[in-house]
Amino acid sequence: MLTKVKVYWKEDSVSHFMTELIDYAGIFPPAALPLKEAILNYHSYIHQEDSWMLGPFVIPSSRLGELEPFRDLFNEQYPLRLSIILSKSDEVKTDLNAIKLFSETYQTAGMIDAIEVPPSLEFDSEIFDKLDILIPGYRIYCEIAGSIEQLQSSLNRIKKKNQVTSRLIGIKFRMGGITANLFPSSEKAAFVIHECKKRGLALKFTAGLHHPIRQYRNEVGTIMHGFVNVFTASIMAHSLSISHDTIQEILLEDNPRNFTFTTNELIWRNLSVSSLEINAARNVFSLSYGSCSFDEPRKELGELALFHEEAVR
């Protein structure tokens, strides 16, 4: 299991790869847990040895008021960290009031790590101006969707916005869902990674990344992207400036033996990045992904034979 990997290898390649990788979205499908159960899960996770892999709790702004009964579960040492998804444009004022109320209620027992802006708000630049002055410190992600042409247009608008704002806007990109049509092609995913790197846009992913390596899954009737594929591709895009085609090759890789973590490197076939490069990419470019399960991804990764003190080339 990864806890043992962490203990034995300390600050090595897999630790840098997995640190705060998974934003817990337990209230979203397919898990779709009741809020109380998901919050209790999160409370348990932040006290476990594997808590270093955990990011914030993902919640819609419309449900922030439901968090008040759980205030006493958290404190300054173990706060409830949130990534908040905004609502529709005509409800943003209500959203901002809910965010303010959460901050006043939880104080040091809660913190806002990020605001996630849905595609429907992408064209409303005033939203970003309001967010920019509301609360300092958190990240802002704008979800993009659509055809290659629409994605390119969205990326250009966000890059332009970042040239005039004090808080840089990152990209959120959906890698799947509960039905086959929600999974983007490897070509489209590679396009987003490659174009975000070209424009200097930080990137987080959401949905569909339950398993480490690309594989066909009966429950959705399609091939699901692997989170090891996605983050290896994005880390190497950042560190090595690999081409769109190479990014796509990594996304399409379905043989776990072609991925190797050593003490100091992550290797895919003939390409490698160092622990320091992984850490740098994770901090500024390939940031995290939302998952309705925290247990499944780390358990499956720990069961794969990807870990070696030194690689056999």
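Two rings of Phe, Tyr or Trp (its six-membered ring) count as an aromatic pair if their centres lie within 6.5 Å, and the planes make the pair stacked when under 30 degrees apart, edge-to-face when over 60 and tilted for the rest. This is a predicted model, in which local features need pLDDT of at least 70 and side-chain atom pairs count only at pLDDT 80 or more, while totals for chains, interfaces and linings use all residues. Residues are numbered from 1 along each chain as its sequence is written, and side-chain values use heavy atoms, with hydrogens and water left out.

**Stop one: aromatic rings**

The structure holds 10 aromatic pairs. Select Phe-17 and Phe-231, which form an edge-to-face pair with 6.4 Å from centre to centre and 75 degrees between the planes. This pair links distant parts of the chain, since Phe-17 belongs to helix H2 (residues 13-18) and Phe-231 to helix H8 (residues 227-240), 214 residues apart. Helices (H or I, at least four residues) and strands (E, at least two) are DSSP runs, numbered from the N terminus. Both Phe-17 and Phe-231 are buried, a word that stands for under 20% relative accessible area with a 1.4 Å probe and protein chains only.

**Stop two: charges over rings**

Next, select Lys-204 and Tyr-141, where the charged end of Lys-204 sits over the ring, 5.4 Å from its centre. For this label, NZ of Lys or CZ of Arg must be within 6 Å of the ring centre and within 35 degrees of the ring normal.

**Stop three: the largest pocket**

Which residues are the closest to the centre of the largest pocket? Select Phe-28, Pro-29, Pro-30, Arg-174 and Ala-207, which are the closest of the 27 residues that line this pocket. A pocket is an open set of points, on a 1 Å grid over the protein atoms alone, where a 1.4 Å probe fits, with protein on both sides within 12 Å along at least five of seven lines, and lining residues have an atom within 4 Å of a point. Strand E6 (169-174), strand E7 (203-206) and strand E13 (286-291) each supply at least two residues of the lining.

**Stop four: the second largest pocket**

Finally, move to the second largest pocket, lined by 16 residues, of which Glu-20, Arg-81, Arg-139, Arg-282 and Leu-287 are the closest to its centre.

Terms used
Buried means under 20% relative accessible area, exposed over 50%, partly exposed in between (1.4 Å probe, protein chains only).
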